[in-house]
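Here is a friendly note to read with the structure open beside you. Take the points one at a time and find each place on screen as you go.

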Amino acid sequence: MSITYIGARVGMFILVVWLATTVIFFLPRIASDRNPVRERMIMMAATGNLSTGMEKVVAAYERDYGLDQPLYLQYIRYLSSVLRGDLNVSLIRHPTTVMDLIQERMPWTLGLVGFSILVAFALGSLSGATLAWPGAPTWLKGVLPIFLTLSPIPYFMLAFFLIFIFAVRHEWQPEWWPMLPIAGASKVGTIYDGWDLARVWDVVRHSILPASSIILSQVGFWALGMRGMMITTAGEDYVTLAQMRGLRPDRIFGQYGMRNALLPQLTSLALAMSLIVSGVILVEYIFRYPGMGSLLFDAIAGFDYFVIYGVVLVLIIFVATATLVLDLVYPLIDPRVRRAA
Amino acid sequence: MAEPVLTIRDLRVYFNIRAGTVRAVDGVDLDIAEGEKLGLVGESGSGKTTTALAIMRMIKPPGEIAGGTISLDGRDLVELSEPEMRSVRGNDIAMVPQAAMNALNPVRRVRDQMLDGLRDHGVNESRNRMQDRLTTLMAQVGLNANVLDLFPHELSGGMKQRVTIAMAICHNPRLILADEPTSALDVVVQRQVMETLEDVRSEIGAAVILVGHDMGLMAQFADRIGVMYAGKLVELATVEQIFANPRHPYTRLLISSLPDTDGKKRLQGIPGLPPSLLAVPPGCPFMPRCPEAMDICGVEAPELIGDIDIVSCHLHTETRVA
């Protein structure tokens, strides 16, 4: 792999992050002239927490954060602070910094969504590959249509369905039917000291429904893609020759079949990481999961644009990184790309 | 004649498709002697490749071996279970494939793919011994040992075909099936590859069935040539016999369709098309295209007659003494 190749990929990474940051800076500000600080003050005044000098406070805020300056100056000011690693302060939850908010929320999203996407990918790819291969077990052939039916259903609809089945008591449910938590990432009011088994179990229980809604809606997608790729691969001359050389069937399936069929799937996986941006906001919102999605949702609702910027910036960096990693790793998993690299 | 390595009797391979049954191979008898080189020629769809695949038991649905026996050293391959057959493939019978361009796994190094073949047939020796084996195999097919460390896309077409030959000989098979091994190569490389194949063949003393339609190539390589038409063997004789005195009209036409080196003769084709294998007409399948067809040809299918020199044609009713 040449330095030029790596340089070009990293350059592309920086360009993408910068462009996306710029778009996301101007878009909400041009689209709306809401003033979150004033809104906050009005609310405080309405509840009697602020009686006089509201305009003064608003003006002080705006001066402090440079909000009274022209937009392009704010943009330069924002960019330079981002470069210094400062994502400013939440306008609504003053004085909590955006960085603190993100650090608090990020692990939950990574855990829930990252895990769900990877599980869906693994399950879907493996079952899709098996289905395309001669001698696939019959039960698997029966299961795939179910997942295919589920895949066009939006995951948040699936979430409601799961809540209806597993979080609401019905007469038809037998005694042992599990009732799963539907809100939060752990039990409300419990304060844990470090990570013990009880806490892990609590977190896992809380993640079952949101994770299932993502996994169930995604498995069919991965399985279908993999099945198609695997059927093509099974017809390749190198698979036929491997059979005629009397290689072990599991080796042909794994190292000659799946190993090749998986390559395009990995590209899709890197792109699917963008689901963390777009897809899961509603799942987190429905299940009140304390992740980036619900943070972004609340920020948009309150027009807390520094938080919007911060969250989106992190997500952009995340997706760009996934793509960068794929670009850098791909030559290692597909030797044919190495020469071009 | 020496004890045959492979004996095929009444081999029938049928493909059951919606439109009916395609009789791709319909009653083929063949004997291949130890170390013999047999050429199998015929136009597309004549059943030559299907015969080779049937020997490997690689006929895939909707195709099936509908009848007959394929005995390798007295063992009927048709009766073997799939795991038993797997140990025959690559071990007793090896394949040199047609499309070497794509016959190697693009993401595995040549070394690993060669090792797969050794390990999966129970060869498990020390690293050094395995390495020595691979180096020897590479040398046998005229390749440098550093090819082992390359990926398939880094090899030329001829090199890839040599690798497949090295793979084929790694277990000293009794029989090598070569299905148009040079059809994707240019003529210079073709010759080199065929020479390599002949060298390693004589080294390990394997018999070879060379499938193809290149009569010129066959003339140079084979001891005997079998001519197939519409799923049947129509003539089987030594190379000299076939070229000097072809007996079946189809064989005659095949040979006269070869280009003339003087370049004076106009190229001649064989008019017409082979019959649909879904419904082969009664009588001789070649009759509609045969310049010498007689009344009986449309009524009664000719039988294969002869012992060493075999033909199936109503023009020949007597066994020729070889």
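1. Which residues in helix 5 of chain A meet which residues in helix 13 of chain A? Keep in mind as you look that this is a predicted model. From helix 5 of chain A come L101(A), I102(A), R105(A), M106(A) and T109(A), and their partners in helix 13 of chain A are M292(A), G293(A), S294(A) and L295(A). By type, the residues of this contact divide into five nonpolar, three polar and one charged.

2. Now look at how these two helices cross. Helix 5 of chain A covers residues 98-132 and helix 13 of chain A covers residues 292-302; they pack at an angle of about 135°, with their axes 7 Å apart. That angle makes helix 5 of chain A oblique to helix 13 of chain A.

3. Helix 1 of chain A, residues 3-31, has 29 residues and reaches 42 Å from its first C-alpha to its last, which is close to the 42 Å expected at 1.5 Å a residue. Its buried residues are Y5(A), V17(A), T21(A), T22(A), F25(A), P28(A) and R29(A). The cover over them includes helix 4 (71-83) and helix 14 (305-333) of chain A.

4. Is G142(A) buried, partly exposed or exposed? You will find G142(A) in helix 6 of chain A, residues 138-150. With a relative accessible area of 42%, G142(A) is partly exposed, because that value falls between the cut-offs of 20% and 50%. For a sense of distance, the C-alpha atoms of G142(A) and V10(A) are separated by 45 Å, and the two residues are 132 residues apart along the chain.

5. Then turn to where the chains meet. Here 24 residues of chain A are in contact with 30 residues of chain B. The area buried between chain A and chain B is about 2,300 Å², and carbon and sulfur atoms give 56% of that. Three residues, L241(A), M244(A) and R245(A), supply 29% of the area that chain A buries against chain B, more than any other three residues.

6. Helix 9 of chain A deserves a look of its own. Six of its eight residues (237-244) are buried, so helix 9 of chain A is largely enclosed by the rest of the structure. The buried ones are Y238(A), V239(A), L241(A), A242(A), Q243(A) and M244(A). Just after helix 9 of chain A, G246(A) takes a positive phi of about 75°.

7. Finally, check some backbone details in chain B. D10(B), in strand 1 (residues 4-17) of chain B, has a phi near 50°, a positive value in a residue other than glycine. R57(B) also has a positive phi, near 55°, and lies in the loop between helix 1 and strand 4 of chain B. D10(B) is partly exposed at 37% relative accessibility, whereas R57(B) is buried at 18%. P62(B) is in the loop between helix 1 (48-55) and strand 4 (63-72) of chain B, and the peptide bond from P61(B) to P62(B) is cis, with omega near 10°.

Technical notes. Residues numbered from 1 in each chain as written. Chains lettered and ligands numbered in written order. Predicted model: local features only at pLDDT ≥ 70, side-chain atom pairs only at ≥ 80, totals over all residues. Heavy atoms only, no water. Axes fitted to C-alpha atoms, helices over the stretch in contact; angles between N-to-C directions. Helix = DSSP H or I, 4+ residues; strand = E, 2+ residues; numbered from the N terminus. Parallel < 35°, antiparallel > 145°, perpendicular 65-115°, else oblique. Contact = heavy atoms within 4.5 Å. Nonpolar A, V, L, I, M, F, W, Y, C, P; charged D, E, K, R; others polar. Expected span 1.5 Å × (residues − 1). Buried < 20%, exposed > 50% of the residue type's maximum accessible area, 1.4 Å probe, protein only. Buried area = accessible area lost by both parts, 1.4 Å probe.
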